[in-house]
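Open the structure in a viewer and keep the selection tool at hand. The stops below go chain by chain, then helix by helix.

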Amino acid sequence: MLDGFRKYYIFARTAFRDHTSHRMKLSIRVVLCLFFMFVFVEFWRLIGREEIVTLPYAIIDICWYASLTQMFLFMSPRMFMTIENDVRSGDIAYALIRPMPYIWMRLSEAIGAMTGNTVIYYTVGIAALYLYIGGLPTSGLSGLLSAMFFLYLASITHIFYQLMCGVTALWLQDGESIYRIYQKTLIVLGGLYMPITLYPDWVQTLAYATPVSSMMFAPAQFVLGASSPLSFMTVTLITTFWLGLSGLATLLLFRICTRRLEINGG
Amino acid sequence: MVGNTLRYAVDMLKANMKAAATLRGAYITRSIFNITNHSIYLSLWVLIFDAIPSIGGWRVEHILLAYGLGIFAWGFLSFAAFGIRTLPRQIDDGELDTYLTQPKPVLLNVALGTTQTVGPPEMIFGGVVLTIAGVMTGVSILMLLLMTVCTTVVFTSLVLAYGSLGFWLKGFHGNAEEIYFNFFIIATRPEAVFHGWMLVMIFTFMPVAFMAHVPLHVLLDNNMNALLLLLSATTLIALISYKIFKLGLSRYESGNRFGVRG
């Protein structure tokens, strides 16, 4: 049992080291992420200055919220592309005969790379945001730390969806198209630009019924201060539920797609 | 000479269209996925403007114009110059070797050597969005067409310039794709968001302001100064991008991967 986990750990550790060794690539990505987070901060500052609507949250909190959701999108490696490349190049045939499930191998690698990103974004990104926004959210350090903890867990769920999108390439020869739809659904119903509590009621209901709101809105709403609608326990429950369900769905989809691959002969 | 090159470009485009037509099922599926993808993203702005009626003077019609221009440019690039998007990968794999030995311009071969089938549906979708925005704002159709051309040239040039960084940075493809996508996203954000150092950035190092913000001034304010600025900037950006590509090409070292292209 421990040996089983050890091999996944080694894959994750190797991916972590490999990912963090590409300093130039990482730096460009971090600079891009910072730029986007600052654009979001200015976006909400502008809305705050114009005072066209009365927002239920403090502008400083919304700036933190939008920046953290943006950071979430940058934290995960683009694993769907790796799988799609494996399928297109035919390399997946070699990976499938290895004595470990291909999908868990890729998951381990993605978690390793994502952890590398998390370390960088949670240090450089949070420090830069603190300086740019000019203070902590009104919920203080506890709100920020809760958001960071759950965003890390949510990133694993996000990786599961990327794996599912990548695996569909076994079927459709293209994982990117489905990923783009998933990504846009995540952006809209996950609440990237603004908290989903600002959406019309029917959209909120729709968002709460999907896993994407548990991946961005639920963790990031901890920085919205006293007005944050979900408690720590609720977020723990929904994060665990969607994490488990997404893992199962990934496994199931992978089995269906590989069975099809074997029948067709690749 | 120019006539021959143009004929060659048209033939390459025809070949790309034929390639797309052979995989009809995949083509239709991807087109549906792609249009769904853009529709979902546009719905986000409808939701935002439902909650906040105006952001820095921008309303739904401004976003539609900016998004329409951007998506048309993206579709054109994917269809007619997809090779520019994959330039960093081609450099890493040493794929430019075959083009260097051919009499036709290298950039033309790079651009038209590969295509993405979702390009035409994206161009059509962009056209539909622009038509809706045009009706809502009552802008001149001729100006709208001119702005579409300018945005396409600016975006293609930006992709060429940043993609050419692959001559100096190995394994740059993933980052480059992210940069292109983010250029598109920044260009469709309300202009008033950008001020101070950000404004300097979007007019210089990443001149995405010329993709949508300046064209919107031309279209909606009939601002002739903005038109002059846009035309000059479009020419300059195209020239600088080509210069960067040529500079990179002069230091290009081919890979050792063996392959045949035909």
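Two residues are in contact if their C-beta atoms, placed from the backbone, lie within 7 Å. This is a predicted model, in which local features need pLDDT of at least 70 and side-chain atom pairs count only at pLDDT 80 or more, while totals for chains, interfaces and linings use all residues. Residues are numbered from 1 along each chain as its sequence is written, with chains lettered from A and ligands numbered from 1 in the order in which they are written.

**Stop 1: chain A**

Select chain A and colour it by secondary structure. Helices (H or I, at least four residues) and strands (E, at least two) are DSSP runs, numbered from the N terminus. Chain A has 13 helices and zero strands, so the order of its elements from the N terminus reads α-α-α-α-α-α-α-α-α-α-α-α-α. Along the principal axes, the C-alpha atoms of chain A fill a box of roughly 60 × 40 × 35 Å.

The radius of gyration, taken over C-alpha atoms, can be set against a globule rule of 2.2 Å times the number of residues to the power 0.38. For 266 residues a compact globule would be near 18 Å, and the 19 Å of chain A agrees with that.

Of the contacts in chain A with a separation of 6 or more, 80% are between residues 24 or more positions apart. A residue is buried if 20 or more other C-beta atoms lie within 10 Å of its own, exposed if 12 or fewer, and partly exposed in between, with C-beta atoms placed from the backbone. Buried residues make up 48% of the 266 residues in chain A.

**Stop 2**

Select A:Y9, in helix α1 (residues 2-21) of chain A. Is A:Y9 buried or partly exposed? A:Y9 has 14 C-beta neighbours inside 10 Å and therefore counts as partly exposed.

A:S139 counts as buried because it has 22 C-beta neighbours inside 10 Å. Which residues does A:S139 touch, not counting residues up to four places away in sequence? They are A:F222, A:V223 and A:G225. For a distance across the chain, pick A:G90 as well: A:S139 and A:G90 are 49 residues apart along the chain, and their C-alpha atoms are separated by 50 Å.

**Stop 3: where the chains meet**

Show both chains. The contact takes 32 residues from chain A and 32 residues from chain B. On the side of chain A that touches chain B, the elements that give two or more residues are α2 (23-50) and α9 (176-189) of chain A. Select α2(A) to see the largest share of that side, eleven residues.

For residue classes, Ala, Val, Leu, Ile, Met, Phe, Trp, Tyr, Cys and Pro count as nonpolar, Asp, Glu, Lys and Arg as charged, and the others, Gly among them, as polar. The side of chain A that touches chain B divides into 21 nonpolar, four polar and seven charged residues.

**Stop 4: chain B**

Chain B has 13 helices and zero strands. Its C-alpha atoms fill a box of roughly 60 × 45 × 35 Å, taken along the principal axes. With 262 residues, a compact globule would have a radius of gyration near 18 Å, and chain B, at 19 Å, agrees. Buried residues account for 44% of the 262 residues in chain B.

**Stop 5**

Two packed helices are described by the angle between their axes and the distance between the axes. Axes are lines fitted to C-alpha atoms, for helices over the stretch in contact, and angles run from 0 to 180 degrees between N-to-C directions.

Select helix α3 (residues 60-80) and helix α8 (residues 119-137) of chain B: their axes come within 7 Å and cross at roughly 160 degrees. That angle makes α3(B) roughly antiparallel to α8(B). Angles under 35 degrees count as roughly parallel, over 145 as roughly antiparallel, 65 to 115 as roughly perpendicular and the rest as oblique. By class, this contact has 18 nonpolar, seven polar and two charged residues.

Keep α3(B) and switch to helix α12 (residues 213-221) of chain B. Here the helices pack at an angle of about 125 degrees, with axes 10 Å apart, which means that α3(B) is oblique to α12(B). To see the contact, select B:H62, B:L65, B:A66 and B:L69 of α3(B) together with B:P215, B:L216 and B:L219 of α12(B). That contact has six nonpolar, one polar and no charged residues.
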